[in-house]
Structures are given as C-alpha cells and as structure tokens.
Amino acid sequence: GDIVESVYQSELGRASDPGGKAGWINYAQGLRDQGKTDEQIRAALVDKFHQSEEYKAKHPAAVAPTGVQPAAVAPAQIAPANGGVYQPFEVAPGASVNGRLGAHWPSDTWGSTDPAQRAQLISEMQKLGVGYCTVLVDPNRPEANDAAIRELMAAGITPTVRLMEPGPMDQWSGDDIEKMGDAAVHLQQLGVKLIQVGNEPNHNDESKLGDGASPERRAEYQRRCNENLVAALVEIRDRCGDSVKLGLPPMAPGTPNSGGYFDSHQFYRSMCQAVAAAEKPPQKLVDWIPTHNYVAIGNENIPDGRGGFGSPNFNDYARIASQEFHRDLRALSTEGGSHPSHWQGSQDEGELQALMQNMESNGGATTCLWLLYGDNWSNHALLHGEGDHGDALEYLRRHRRGEA
C-alpha cells in the first residue's frame, strides 16, 4: 500500500482514490507473489501509470507521437510493423485493456487451482500478444478465479469479467441479483474494472422459444429478461459506483426461424431500449458493448454473417446501442476469433490475416480468440496441443514479432 501511494504522489501528483488504490494493491500483490522486489514492483507500477490517460494529460511532453514508442520501452516488447494491435485500448472512460487482441479463460473449473498450469497459459497468451482475457465468474463463487485474475493483471493482461447468470435470465430471482452485486463488489476490490452482466439471453434452448413459440410467449420471455437485466445493472451500479464499467450481455447468432434463438438484432434493440429507459441521468447503467465475433461468416442460415459472426456485427451492436442510449459506446469482443468449427480451413490463414489487417486499419476493432475444443482446461489449445489451431497460433506468434 505504501508503494502504491508513493507512485500516486510521484506520478500523478495526488492522493489515491480508494477504488483505484485497491486495484493497484492487488496488482502489486500479484508481483510480490511472483517474488518481485520493492524496486521491481514500483518500476512496474510507474510503467502502468505512465500508460494512463490521466498521466498523459498531465505530462503531454512524455506522450510519444503516433506510431513512435517511448525509448524506455524495450524494442523486443513491441512488434514494429503491427504494434497498434498491441497498444492499450480505452473501452470506457477510465477503463482500458492492454491491447485489442483477447483470449478466453477456460471455465469448467472456474479457474485452475494448479499454479503451473495458470502460468503456462498466461505465458503462451503473452507470446501471442494477448492484451485482455475474458474470465467467467460464478456469482455463487466469486473468489474462485482470484488467483487467475491477479496473475493476469501482473502479466499485463487485462481481465474482462463475464458475470455469468445463475440460470436463464428470465428466471433470475432477487437473491440471484443480490449475489451478482456481491460478486461485483468482490471483483472491484480485486481491481477489475470491466464487467459484463449475463451472456447470450437470445439463445435459450431450455425455453424452446424458437420455431412454433407463440408471439406472446416470446414477448413475455423478452420482458422478463429485460426486467431482470435492469435490476442486476442497478444493483451493481448502486454497490460499485462508476469505478466499475458495465457491459450488456452479448448476443448469440440467431434468426427468427432458428430453433431456440431470437433474432439477435431485434432482441438486442429491445434490451437496449429497456435499459436506456431505466437510466436516471447523470447515472449510466451501461458503459461498453461486449460482442461475440467469430472469424468465419459462412453459416448457411445466415449467409451475410448478420446473425452473430464476423466484424459487421461488431459495428451493428455498437450502432444499435448508440442509437438507443444517445451516446457513443465502444465495443469489445469477448468471445470468438478462431473456434475450430468456425475456421474456413485451418490450413488457410487468410481469414485470420484479414482479421488482423482489419484491426490494424481500424483503431476501434478488437477480437477475442476462443482457443478451446470444448469449454474446459483439458481441451485448451495453449495447454494440451494446438490441433486445428496450430497454423493460426503460429501465424499470430509471427504477427506479434512483426514477421507476418
């Protein structure tokens, strides 16, 4: 705590704020757990503070011109030809990720208890240039991923937490929502700033709301989802204030005629309208837009990719949200990229190359790689054999080195 406070004073010229200080203490503790000395911890904190918008505003002369890296940064840490993808990206005011290429933390055990396994995964993510990582947190066990979150932050990988619903969104109880608030407070104390609430509510096979469902049944499901989402967002905002930046649930791909799905854009607009109506200015309930962007868009039922795959949806969801909330909101991909079932041939790196080129030319584009054969540790490509991901991951490593 003394080290953190001294860095606030020396680099920002002010006393710490409680929420920010708690996050940096957790970051420092992660470094301490790795055996770092006081001097090494302070140097790492100073480097992080120098990346903040507050520091840059107070020290404009220290900000390098676009495309030029400060001399203090070791050249080996920056891919010279493709550095933009690996630079900090502000998702919402006061909350950034350390790069626009993300990955997905496996979730079957809600965080591995094996330190060596976690270290291996994080090391491999660093080789790819991963700047942020989607971590799934169970509101009933919010502490299960504490070690992973601390270690990701210590490695310079920003955790973006998906606060997973305890069941279908239309069935959340008051107790469920209170536990989500408790979990958000716990995450805030760890230093997590980006939290998305829920996941793919337009995809609910259990409710059988696809083909044959009456319009009334579908409308009631949507109404209940909207109502519970608003209650959860209000609960978290009231408990955490503005230091935690809240994201809406991302949509699953779907059309009105695919069983178990709602049309993704129709459902999303309704959800945005309900949340926007519940906001009480100046309080905001939504700060950023999580999306699920997969590389391939060749779904036979969704030929133009508008059901959930590919970069067009990244822009669609941000545009819908901006229209309904009457403010610009940035999108961050929290799932997608390179799931084996969405490759157009693992031997052809063209899709991934196009994706990276899009990110380089579009300062707002991001993607999050789904490096799992299933949703568990035993099938993670970076831990237990790369399989169909091998060519893609080798391309990404070369890209990170500036060779692709």
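Trainee: Why is glutamate 200 called buried?

Mentor: Its relative accessible area is 15%, and buried means under 20%, with exposed over 50% and partly exposed in between (1.4 Å probe, protein chains only), so glutamate 200 counts as buried. A word on the source: this is a predicted model, where local features need pLDDT of at least 70, side-chain atom pairs count only at pLDDT 80 or more, and totals for chains, interfaces and linings use all residues. Residues are numbered from 1 along each chain as its sequence is written, and side-chain values use heavy atoms, with hydrogens and water left out.

Trainee: Thanks! What makes histidine 326 exposed?

Mentor: Histidine 326 has 72% relative accessibility, and the exposed class starts over 50%, so it counts as exposed. Glutamate 200 has a positive phi of about 45°, and histidine 326 has one of about 60°, although neither is a glycine. Glutamate 200 sits in the loop between strand 6 (194-197) and helix 8; histidine 326 sits in the loop between helix 10 (311-325) and strand 9 (331-337). Helices (H or I, at least four residues) and strands (E, at least two) are DSSP runs, numbered from the N terminus.

Trainee: Why is helix 5 called oblique to helix 12?

Mentor: The axes of helix 5 (residues 115-128) and helix 12 (residues 390-400) cross at roughly 60° and come within 7 Å. Those axes are lines fitted to C-alpha atoms over the stretch in contact, with angles from 0 to 180 degrees between N-to-C directions. Under 35 degrees is roughly parallel, over 145 roughly antiparallel, 65 to 115 roughly perpendicular, and the rest oblique, so helix 5 is oblique to helix 12.

Trainee: Which residues of helix 5 and helix 12 meet?

Mentor: Glu124, Lys127 and Leu128 in helix 5 meet Leu393, Leu396, Arg397 and Arg400 in helix 12, where contact means heavy atoms within 4.5 Å.

Trainee: How do you know that valine 130 is buried?

Mentor: Its relative accessible area is 7%, which falls under the 20% limit, so valine 130 is buried. Valine 130 lies in the loop between helix 5 and strand 4 (132-137). Leaving aside neighbours within four places in sequence, its contacts are Leu101, Gly102, Ala103, Met125 and Ile157. Leucine 101 is 29 residues away in sequence, yet the C-alpha to C-alpha distance from valine 130 is 5.2 Å.
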